[in-house]
Amino acid sequence: MRVPFYDIKAQYDELQAPMDAAVHEVISSGVYTMGKNHGLIEQELAELHGCKHGIALNSGTDALRIIMDAAGIGAGDEVITVAFTFVASVETIVQTGARPVFVDIDPATYCIDPKKIEAAITSKTKAIQPVHLFGQLADMSAINHIADKHGLMVIEDAAQAIGSSYNGVAAGNYGIGAGFSFYVTKNLGAAGDAGLILTNDDTIAEACRSIRVHGMGRERYYYDHVGYTSRMDEVQAAVLRVKMTKFHEWNQRRERLAEVYLDILSESPVVLPIVSPGNNTTWHQFSIQSDRRDALRDYLKERGVDTMIYYPVPIHFHEPYQRFGSGEGSLPESERVSKQIVNLPIQPHLNVDQVAYAAKCVAEFCKQTVGK
Ligand SMILES: Cc1ncc(COP(=O)(O)O)c(C=O)c1O
């Protein structure tokens with residue numbers, strides 16, 4: 001049996017008629033930027049998360065960088081984040097001129113360990129940027145408590161957490177702004193690159209809207225900020241609005257598949273994902289840990305089950321970022337997890353039989369390799 005990791009084409013197949021119509025409508029309208037769909041997707045996504053402002057952009061990476069620019073973060077500042085993440089969480093901090101300061105993860109949730117944050121705060125710290133990894137929010141009660149105590153801003157890297165919530169409050173409501181990604185493989189994926197900022201802060205929202213279009217102010221060709229070209233284009237906005245009609249259903253399918261994995265693997269000696277109290281995860285990924293990770297991947301591959309590793313090397317080990325870290329051993333959980341984690345297929349176009357088969361292959365591998 002084949003169990004593909006991603007099947008983006010299947011999303012299109014399910015939505016072909018409305019998708020073709022929406023794209024055709026945009027192309028034939030001649031309005032390709034800042035059109036009807038652009039405004040509506042901002043509104044719909046802000047409403048979905050209970051946030052005041054939605055700002056549609058060309059990527060999740062730009063979302064993070066623009067929030068930091070709008071907040072005035074730059075040279076001489078420090079921003080606390082994690083090294084066990086996608087590089088955009090860190091590169092955007094470096095791009096502003098600020099210094100990323102790495103804090104280790106809690107291996108149970110794969111998100112920043114709040115117990116380790118205070119030791120990393122200095123007089124230069126301006127913000128904490130938790131990453132809501134794999135669809136689950138970081139421990140935002142603890143993080144917001146620390147931020148309030150030390151007068152720090154919080155910026156959510158919510159690229160993988162569209163629609164996720166914690167204690168009933170959605171991502172996007174825990175700081176001065178949150179960056180979301182609609183990269184094709186995300187739970188809500190565009191037909192290319194797209195991203196979003198959500199914020200409840202009027203001043204940040206106004207600055208982000210301006211920075212998105214070259215820093216332009218309310219009048220054309222008058223500039224208030226140094227900005228970028230970062231609008232979400234109208235075709236992407238239209239595609240996302242069509243996919244929004246399936247967003248909850250596709251997340252429910254993910255949840256059902258997660259239950260199948262958790263059930264079949266409950267007795268296997270692998271580390272299963274934990275949904276921490278209060279979290280409502282959207283199962284962007286289903287990650288397990290095995291001390292025979294690479295052999296397990298080979299075993300699954302031979303049986304038609306695709307896997308991925310998010311993330312094989314923590315950011316502080318990569319050459320451009322080494323100068324911001326403290327080398328090997330400085331982030332023990334991030335370093336260990338990178339060697340043991342493997343992500344199993346959980347996309348909404350898999351059926352229960354495919355996932356049960358993948359889970360059984362993992363269980364079989366564990367049985368065969370006991371004591372090895
Ligand atoms: C944790 C995290 N942060 C930031 C990003 C950047 O988003 P984008 O690829 O839309 O620029 C991603 C996307 O993969 C991500 O996973």
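1. Arginine 253 and glutamate 14 form a salt bridge, with 2.9 Å between the closest N and O atoms.

2. Please keep in mind that this is a predicted model, where local features need pLDDT of at least 70 and side-chain atom pairs count only at pLDDT 80 or more, while totals for chains, interfaces and linings use all residues. Residues are numbered from 1 along each chain as its sequence is written, and side-chain values use heavy atoms, with hydrogens and water left out.

3. On the division itself, domain 1 covers 8–103 + 114–244 and domain 2 covers 247–368; these bounds come from an automatic or database domain assignment. Taken over C-alpha atoms, the two domain centres lie 25 Å apart. Domain 1 brings 35 residues to the contact and domain 2 brings 36, contact meaning heavy atoms within 4.5 Å.

4. Next, the buried area (accessible area, 1.4 Å probe, that two parts lose on being put together, summed over both). Between domain 1 and domain 2 this is about 3100 Å², with 58% from carbon and sulfur atoms. Within domain 1, the most area is lost to domain 2 by Phe84, Phe134 and Asn187, together 25% of what that side buries.

5. Polar contacts deserve a look too: 23 residue pairs, both at pLDDT 80 or more, are in polar contact between domain 1 and domain 2. A polar contact is a pair of N or O atoms within 3.5 Å; within protein, one must be able to donate a hydrogen and the other to accept it, and residues adjacent in sequence count only if both atoms are side-chain atoms.

Terms used. A salt bridge is a side-chain nitrogen of Lys or Arg within 4 Å of a carboxyl oxygen of Asp or Glu.
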